[in-house]
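Here's a quick tour for anyone meeting this structure for the first time.

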Amino acid sequence: MNFDFTETQLMIKDMAKKFAEDVLAPSAAERDEKEVFPYEAVKQMGELGLLGMMVPEQYNGAGLDTISYVLAMEEISKVDASAGVIMSVNNSLVCYGIAEWGNDFHKDKYLKELATGKKLGAFALSEPEAGSDASNQKTTAIRDGDFYILNGTKNFITNGANADAVLVMATTDKTKGVHGISAFIVDKGIPGFEVAKKERKLGIRSSDTVSLSFTDCKIPVENRIGDEGFGFKFAMKTLDGGRIGIASQALGIAQASLEAALKYSKERKAFGQYISEFQGIQFKLADMATKIEAARLLTLKSAALKDANKPYGSASAMAKLYASKVSVDAALEAIQIHGGYGYVKDYPVERYLRDAKITEIYEGTSEVQRIVIARSLLKD
Ligand code: CAA
């Protein structure tokens, strides 16, 4: 086992850290407060290769491995978890899905621009009645000659308001259940495509989360990814990788909480000494650091398995399950260490807690991750 990163991986980590500190940090709190999408920063992320990190260079991607992606995601999310989820969805749900299962037409027309951030992508699986129960797809795509006619509503769609291309899962044959779901690339703004409700959220408020509605949208047959009926497997396989991205986001938030707590404990005095000198505080810091390191190792292991083309679905579910819990716990401890100052907006830790919570919910709740892990344990 080798715990050393390559020079390239370290360079990517440093680049992401510098970008996050220089570009994202100055406005992160204000964008969170005002729910402002980081348009300019996202454009720059595209130019730096952060939006198509694992896409092969022939499709304008950075051609990097998943380990580099984890390192970059952690650095970006440490400063701005909203930018983290925008990056994660574009990389691991949209670009990876097309790069892995799309055809040459999809790659030429969509992937090349998605990988550079000229286009932004979204992934539309969830519906009002299909969250954890993702196969309960009510959105339909009915074949009509060279087109499918798409009707339905998707909700909680990250990047939905700003996406140029949306990967939409829809039922093409109701009689086949989970095997009757197909995946399509849908262009923004085609007739019948509407960005409906914008959600007002507890955290990651600078990312956009919306409902999308489709009314008799004509989708060319060539925009279907894979065969008819491949849509559910496509979504599940893509989410296996997506969960590595969310685990990394959770890690970034947790690390930010630890660093904020360390800093504050060395500045704040109580009972005549810095609070970092109290063993009660030291034990909290030690537990935070230990759990974060364990979460980081699980996340990197799932990335290493993916890079080695080995099965990683259960490993990525473990990474997300554990890292998201560590993230919420670390943010709570950071607030506790800050005392009353942790509860107000003068310090960033209240934002970390609000941002951390979603990592236990999206791309599969913690309960769904346990289902995935348990099924893998019991399958043999
Ligand atoms: N890879 C390949 N195939 C898979 C798979 C995987 N990871 N998981 C399931 N499948 C296949 C199964 O093998 C099965 O195929 P066969 O019938 O041919 O054997 C088929 O898919 C159905 O599988 P299940 O019976 O396991 O399906 P299920 O209905 O019991 O659901 C579930 C399982 C794990 C609960 C799944 O529904 C799930 O993951 N739910 C959560 C959905 C989710 O993560 N949503 C996130 C939305 S995207 C998002 O959040 C993005 C964002 O904004 C940040």
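Why does S206 count as buried? S206 counts as buried because its relative accessibility is 2%, and buried means under 20% relative accessible area, with exposed over 50% and partly exposed in between (1.4 Å probe, protein chains only). Keep in mind that this is a predicted model, where local features need pLDDT of at least 70, side-chain atom pairs count only at pLDDT 80 or more, and totals for chains, interfaces and linings use all residues. Residues are numbered from 1 along each chain as its sequence is written, and side-chain values use heavy atoms, with hydrogens and water left out.

**Around the ligand**

- The ligand sits in the largest pocket. On a 1 Å grid over the protein atoms alone, a pocket is an open set of points where a 1.4 Å probe fits, with protein on both sides within 12 Å along at least five of seven lines; a molecule sits in one if more than half of its atoms lie within 2 Å of its grid points.
- There are 26 residues around the ligand, and S132, T158, H179, R243 and R375 come nearest. To be near, a residue needs one of its heavy atoms within 4 Å of the molecule.
- By type, that shell divides into 13 nonpolar, seven polar and six charged residues. Here Ala, Val, Leu, Ile, Met, Phe, Trp, Tyr, Cys and Pro count as nonpolar, Asp, Glu, Lys and Arg as charged, and the others, Gly among them, as polar.
- Helix α6 (231-267) is one of the elements that each supply at least two shell residues, along with α4 (81-101), β3 (147-158) and α10 (366-378). The largest share, seven residues, comes from α6. Helices (H or I, at least four residues) and strands (E, at least two) are DSSP runs, numbered from the N terminus.

**The loop between β6 and β7**

- S206 is found in the loop between β6 and β7, and its side chain makes a polar contact of 2.9 Å with that of R31.
- I204 is in the loop between β6 (193-198) and β7 (209-220), and is buried at 3% relative accessibility. Its phi is positive, near 35°, though I204 is a residue other than glycine.

- E35 isn't a glycine either, yet it has a positive phi of about 55°. You'll find E35 in the loop between α1 (7-34) and α2 (39-47), buried at 19% relative accessible area.
- N155 lies in strand β3 and is buried, at 11%. Its side chain reaches the backbone nitrogen of E127 at 3.5 Å.
- L125, in the loop between β1 (121-124) and β2 (140-144), is buried with a relative accessible area of 8%.

Terms used:
1 Å grid on protein atoms, 1.4 Å probe; cavity = no way out; pocket = protein on both sides within 12 Å on 5 of 7 lines; lining within 4 Å. Polar contact = N/O pair within 3.5 Å; in protein donor to acceptor, adjacent residues only side chain to side chain.
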